Amino acid sequence: MHKIEGDVRTKLVSESSSKAFITKLVVQGLLMLLESQVTVRCRESDVTLVKGCLQVAQDEYAKLIKAETGATKTCTLEIDTQFLPPAPAAGKDGPSCLGGVVLACQDGKITIDNTIDVRLRLVMEQAKPA
């Protein structure tokens, strides 16, 4: 299991710099929250990448809501001033994050953790034999 996790981790780290991947993570989080004002938290090193995804994510979200429900719903996204921990570094202990985003609304009372770390942990837990 650890070898598989290591292989998948490497692949996901390379995906974490993909604009399309980050956009999908943001849209998935928006569909769970269904809020009009959402803050997006990312690693400090990913701010430029994530900012470049926000408008596309807002448009995709509105389009999906319209297609599925017929309702017109928009969302305003902003980058959080707090950041996720940096990427793991060899020989360094402490918190780290492989990438992805955390979406928050209602002054941080409601959050959706769509980081690669959490998603990988969930998949590995579900893949364990019973």
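Predicted model: local features only at pLDDT ≥ 70, side-chain atom pairs only at ≥ 80, totals over all residues.
A disulfide is a covalent bond between the sulfur atoms of two cysteines. The cut-off here is a sulfur pair within 2.5 Å. The sulfur of Cys75 has its closest cysteine partner in Cys105, too far away for a bond. Cys97 is in no disulfide either, and its nearest cysteine sulfur belongs to Cys42. Both distances are in the table.

| Cysteine | Closest cysteine sulfur | Distance | Relative accessible area |
|---|---|---|---|
| Cys75 | Cys105 | 8.9 Å | 6% |
| Cys97 | Cys42 | 9.3 Å | 4% |

Cys75 is buried. Cys97 counts as buried too.

Next, the core. The largest nonpolar core has 26 residues. Those that touch the most other members are Ile22, Val26, Leu30, Val50, Leu77, Val101 and Leu103. Helix 2 (19–33) and helix 3 (47–69) each give two or more residues to this core. So do strand 1 (37–41), strand 2 (76–79) and strand 3 (100–105).

Helix 4 covers residues 116–127, twelve in number. From first C-alpha to last, helix 4 reaches 16 Å, close to the 16 Å expected at 1.5 Å a residue. Ile116, Asp117, Leu120 and Met124 are buried in helix 4. These four lie on the same side of helix 4, because they cover an arc of only 95 degrees around the axis. Glu125 and Gln126, on the other side, are exposed.

Notes
Residues numbered from 1 in each chain as written. Heavy atoms only, no water. Core = buried A, V, L, I, M, F, W, Y, C linked by side-chain atoms within 4.5 Å. Buried < 20%, exposed > 50% of the residue type's maximum accessible area, 1.4 Å probe, protein only. Expected span 1.5 Å × (residues − 1). Arc of directions from axis to C-beta.
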